[in-house]
Amino acid sequence: MGLSNIEELDAMHIDVLRELGNIGSGNAASSLASFMGKEINIDVPNVRILDFNEVADYIGGPEKIVMGLLVDTIEDLKGMILYIFDDDFVKSVVKVFFDKDFESFSELSEMEISAFNEIGNIMASSYVNAIGSMTGMKIDISTPSIAVDMAGAILSYPTAKFAEIGNKVLFIDDSFGIGSTLERVKSNMILVPEMDSLNNLFTRLGVM
Amino acid sequence: MGMVTIGISDLNIATPPNILVTYALGSCIGICLHDKAHNIGGLAHIMLPSSKEATKASDNLRRYADTGIEELVNLLKSKGVLVSSLTAKIAGGAQMFQTNCSTFNIGARNITAVKQVLAKYRIPIIAEDTGLNFGRTVFFDVATGVMQVKSVNQGVVNL
C-alpha cells in the first residue's frame, strides 16, 4: 500500500524526509563551498512540511521579488526542486564571485545569472546524489531554469503542476555563512516528489 | 475605500468604493467580471483549466476555470445581475519557467479554458493582459471597471 497524496504522510515519513533534507543540504553546502572557493558554514537546516499557500508568506509575501531556480528530477525520483533565493542571498553571491555590490535584480548581467544557474545545478546535484547514495536510487536532474519575479507568481508553477497530489511541499531553509566577512544568508528549497517516486523512496528506506 | 483580497483558488464580489485585488498571478488567471449598470463586480483567481482534473470530492472547485467562473457568475446572478450585462477582463496565464517539459504550459491551457468558459456564457472579454513570462498583481475597481495590472518589469498598466 502506497501513499496517494502528500497529505497522507505520517510523523515517521516526515522524520525521514527531514533527515534526507539535513543530509542533502550538508552535501550541497560543501559542494557550493568548493565551487565558490570560500569557506561556507551551514546551520542545521529547518525542514518543514508546508501548505503551498503558506510558502509565499514564509518567504516574505506573494509580491516579494525573488529569484526562482527550477530543476526537474528524473529517473528513479521524479519530481521538482525549486530554489528560492532572496536579495540577501543574491547580494552575497554577487559580492563573493564578482566583487560587486548588488543593486537590484533587474541589474543582474547574463554572466551573473549564469553563475546562479551553476550554483543551482551544483546544489541540486549534490542534494539528489545524497539521496541516491542513501537509497540506491538513480536520480538525475534537468538543466536549471531561472525566473526573477514575484514569489507568488514563481510558486504558481509547482502549485499548479503538483495540485493533484496535494497542497503540501517539503520546504527546507538553509542558513549559510559565506566567507568570513559576510552576514548569514538563507536559501529556501522546495522539494516536490511525484507520489510513485516517494513511495519507492520510502520502500527502499524500509519505512513503508 | 476597502481592499477585498482574493487568494489563490478563491473568488468574491464587491460594490464601490471597494477594490478587488489578487496578488502575484503566475500561470493562474484573474477573471474580473463587471456589470456597469448595477455597479457591481467580481474577481476569481483560478489555478487550473478544468474541474475534470479534480481527484477528490473535497477539492476546492474555485480552483478551476470552469467551476470557478460558474460560481462567480452565480454569485453575481444572486445579486440580480443579468449574465447578458456582464463584461470580462482577464490577466495572468504566464509561463514562469522555460523548462524542457514543454507539454506543461499550464498558463496557456488556463487562458484557453477561461476563454472557452466565458464564450459559453457569451460574456465578452473587453481587455486582457495574458501569457508571456512574468507575474502580475491585479486591482479591479468595480466603480469604474478598470483592471489595473502591476508587474515587476512593466510597471502599472490600466486596462
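Which strand of chain A gives the largest share of the lining of the second largest pocket? Strand 6 (residues 145–150) of chain A does, with five residues. The legends below describe close-up views of a predicted model.

**Figure 1. The second largest pocket, with strand 6 of chain A in its lining.** This pocket has a volume of about 360 Å³. Its lining is made up of 20 residues, and those closest to the centre are A:I146, A:A147, A:V148, A:D149 and B:N153. Sorted by class, the lining of the second largest pocket holds 12 nonpolar, six polar and two charged residues.

**Figure 2. The largest pocket, lined by 31 residues.** The volume of the largest pocket is about 570 Å³. Nearest its centre lie A:F52, A:N53, A:T159, B:I8 and B:S9. Three elements each supply at least two residues of this lining: helix 2 (52–58) and helix 5 (151–161) of chain A, and strand 3 (19–25) of chain B. The lining of the largest pocket divides into 12 nonpolar, 13 polar and six charged residues.

Figure 3. B:S9 is not a glycine, yet its phi is positive, at about 60°. B:S9 sits in the loop between strand 1 (3–5) and strand 2 of chain B.

**Figure 4. The cis peptide bond from B:P16 to B:P17.** Omega for this bond is near 5°. B:P17 belongs to the loop that runs between strand 2 (10–14) and strand 3 of chain B. Strand 3 of chain B, at residues 19–25, also supplies at least two residues of the lining of the largest pocket.

**Figure 5. The contact between chain A and chain B.** Chain A brings 28 residues to the contact and chain B brings 27 residues. About 2,100 Å² is buried between the two chains, and carbon and sulfur atoms give 65% of this area. Five residue pairs are found in polar contact across the interface. On the side of chain A that touches chain B, the elements giving two or more residues are strand 3 (65–75), strand 6 and helix 5 of chain A. Helix 5 gives the largest share of that side, eight residues. By class, the side of chain A that touches chain B has 13 nonpolar, nine polar and six charged residues.

**Figure 6. The salt bridge between B:K150 and A:E63.** The rule finds one salt bridge across the interface of chain A and chain B. The side chains of B:K150 and A:E63 meet with an N to O distance of 3.4 Å. Side chains of opposite charge can pair when their charged atoms come close.

**Figure 7. The salt bridge between A:R48 and A:D173.** Over all chains, the count comes to 12 salt bridges. In the one shown here, the closest N and O atoms of A:R48 and A:D173 are 2.9 Å apart. A:R48 is in strand 2 (residues 46–51) of chain A and A:D173 is in strand 7 of chain A, so this pair ties together parts that lie 125 residues apart in sequence.

**Figure 8. The largest cavity, with a lining of 14 residues.** The structure holds two cavities of 30 Å³ or more. Of its lining residues, A:L17, A:L170, A:L191, A:P193 and A:L198 lie nearest the centre. Helix 1 (11–36), helix 4 (110–135), strand 7 (168–178), strand 8 (184–193) and helix 6 (195–204) of chain A each supply at least two residues of the lining. By class, the lining has 14 nonpolar, no polar and no charged residues.

**Figure 9. The second largest cavity, with a volume of about 50 Å³.** Ten residues line this cavity, and the closest to its centre are A:Y157, B:S27, B:A94, B:Q95 and B:M96. Helix 5 of chain A and helix 2 (106–120) of chain B are the elements that give two or more residues to the lining. The lining of the second largest cavity has five nonpolar, five polar and no charged residues.

How values were computed:
Residues numbered from 1 in each chain as written. Chains lettered and ligands numbered in written order. Predicted model: local features only at pLDDT ≥ 70, side-chain atom pairs only at ≥ 80, totals over all residues. Heavy atoms only, no water. 1 Å grid on protein atoms, 1.4 Å probe; cavity = no way out; pocket = protein on both sides within 12 Å on 5 of 7 lines; lining within 4 Å. Points joined across faces, edges and corners; volume = space filled by probe spheres on them. Helix = DSSP H or I, 4+ residues; strand = E, 2+ residues; numbered from the N terminus. Nonpolar A, V, L, I, M, F, W, Y, C, P; charged D, E, K, R; others polar. Contact = heavy atoms within 4.5 Å. Buried area = accessible area lost by both parts, 1.4 Å probe. Salt bridge = Lys/Arg side-chain N within 4 Å of Asp/Glu carboxyl O. Polar contact = N/O pair within 3.5 Å; in protein donor to acceptor, adjacent residues only side chain to side chain.
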